[in-house]
Amino acid sequence: MRIPLLIVAAIIWPFLSTAALAQQAANPLPQAEASPDDIEGGKMFATTCGFCHQEGGRHAGRGPKLSKSERSDEYLIERIKKGKVGAMPAYGSVFSDGQIIAILAYIRGLDD
Amino acid sequence: MIFYGRSVVGCAALAVAALVTVSPARAQNPAALNAEAAMNDWPTYHGTYKSYHYSGLDQINAGNVKNLEVAWMHFPERATRGLQSTPLALDGVLYYSGSYSRVYALDGATGKTIWAYAPELDEELVAKQTHSPYNRGIAIGGGNLYVGTVDGRLIALDLKSGKPVWDTKLLDSKKVTVGFTGAPLVVKDMVIIGAQGGEWTGRGPIFGVDGKTGQKKWEFFTVAGTEEAMKTWGGDSWRTGGGGGWMPGTYDPETNSVWWGTANPAPLYDWSGADWKKSGPRPGDNLHTTSVIALDPDTGKLKFYHQELPHDAWDFDSSVGEFVMIERGGKKLVVHANKSGYIFVYDRSNAKVENVWPLVKNINFVKSIDPKTGELIGRRDLVEGKVDPPLCPAIAGGISWNSGAYSPKNGLFYRIGQEWCMEMTVEKTTPITEPMAQLNLGATFKIVAPPDGPARGHLSARDPVTGAKKWEVNYKQPPLASVLATAGNLVFVPDAEGIVHAYNADTGEELWSRNNGMGHNAGIISYMAGGKQYVAVPAGWGSLVADEFVALYGEPFKSMSKNTGALIVYALRQ
């Protein structure tokens, strides 16, 4: 099920951290109805995003470094969804809104 | 220095045969295709079926190369990710492709446009693709020019007019995400092309298509394509896929066999460790991924194969690498470079391993490879968690996808090698078994310098069978373009910073260089037009390996455009 992005983001964002995500894997938010895989942002990152954003996003590679990014949440979500031709694929039809938020949460939880 | 007189005589004889059979509106000339040297024309991706990337022309030679200067240039439209293709030349006309499968036919002497073609592609799909929208080459045969597209089509254009003759959808790219970026290969009346895909759930098909009608004649699944192969994927794990034949192979007319290389299986990395035959996301050998395969061009049936890396757990494709057809001591051999940095030498009749030798120094995914059997000795199978010490070579390979060159004149094989390693953490992910626009990696990683020095590249001139090194040139960054050898005793190397170098083929001494202004990611050729020899070099930066250079080396790559390109053609000053 697709998640109303802005609503979920507004509700869960202040609480999301790597630790919080682990806890939510056992107790997913009712309104998200996400599977455990959906909120394993780190695993999704290792499956797909790490091809370009190296060291789990901590280091630039084919794509830029993402840890401590100064880009806004809206910018990152938009970029994940729409991509950039010749640089990054568009994942808007691949990942659900909940998964994109989980990836964003993973990125925001990264140390350098 | 080693000379092979027989090869020189044979080369000259075939060259004469090629010259006397030229006719203005011909199809491909079998003698030219089967020759050791490309002469007036550059008729197929690897130069000729022998795959030497060698021009028999010698107007431009070690004595006068200092007088080489730009004759003309051509600028393609929408050069997203630069230029990555190898041009072809036929009857004084140069043909090449750019991103979005745009094709240009140009007067080989002046650069004047004869025709241009731009297919309409599924742009929404292109936006979802990782390995896109570049195109790496074309094929010519039967009066047509053939080009693949990233949205899964093979298109035939009339060679004279550039008008479409047929347009066949071969892959449901919306479903499998991948399409075609590699050049097709024409064999008799058949056009053969392999799909992209090592990180994807597709079955890496290689297709045989009737060149006249565009009708699909056969399709070979590189993933579990035979009964034997299906048994090498535990359970339903063949659904994780991979194995794309994403670069063109070649044809051996003596055995009527098409040689092709296949990509790694997905996910790239798995966590099964030493238990890989029974556990992990894809238990077993995973045939026919990371293999060289010989197909019957008429039927697509598998004739024989060698899996270079059984259960490839490191993303070291066999798709990269030309198939250099040589003879040595009465034996007919084929030399093939694997992404791992090892060079495999096979008996051409059955793919039996004759020798294996390392081109690069920094290799630790195995302790060695048995040179007599090809067996991997001391495999380093990965388990979940941090990989320590870092894996060598890195994901970009000890060898990249562009081709080396072989000179039948001096018997030397010229190949670019890459020295780098990779810090990585293997993650136990959920295997992707249904097609979707999502890569399937199984790890996070970072390219780092190898233990013996900085991340770097080198061109070495070697005996292709034994690997014995005659000379070597080192580069701060690995060149990512193909290499060209010529009968003028020259070796051309277009490098990453934008310089194209010409070396003495026997000694490695640099004789000439020019700055093309942007990095090279494509194939360099030589041809004749109006009785004059030209060297054509596509410039334009932006392959996926090139993308790594910003983090590794900073400038000039940080500021180098990835959305521009130029075909730069050199000739001797009048």
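From the N terminus on, chain A runs α-α-α-α-α-α. Chain A holds six helices and zero strands, while chain B holds six helices and 38 strands. Helices (H or I, at least four residues) and strands (E, at least two) are DSSP runs, numbered from the N terminus. This is a predicted model: local features need pLDDT of at least 70, side-chain atom pairs count only at pLDDT 80 or more, and totals for chains, interfaces and linings use all residues. Residues are numbered from 1 along each chain as its sequence is written, and chains are lettered from A and ligands numbered from 1 in the order in which they are written.

**Chain A**
- Of its 112 residues, 45% are buried (20 or more other C-beta atoms within 10 Å of the residue's own, with C-beta atoms placed from the backbone).
- Take the contacts (C-beta atoms, placed from the backbone, within 7 Å) between residues at least 6 apart in sequence: 57% join residues at least 24 apart.

**Chain B**
- Buried residues make up 63% of the 574 residues.
- The C-alpha trace spans about 65 × 50 × 50 Å along its principal axes.
- Among contacts with a separation of 6 or more, 62% link residues 24 or more positions apart.

**Where the chains meet**
- In chain B, 32 residues are in contact with 21 residues of chain A.
- On this side of chain B, α3 (123-128), β29 (443-448) and α6 (549-553) each supply at least two residues.
- β29(B) gives the most, with five residues.

Conventions. Buried ≥ 20, exposed ≤ 12 C-beta atoms within 10 Å, placed from the backbone. Contact = placed C-beta atoms within 7 Å.
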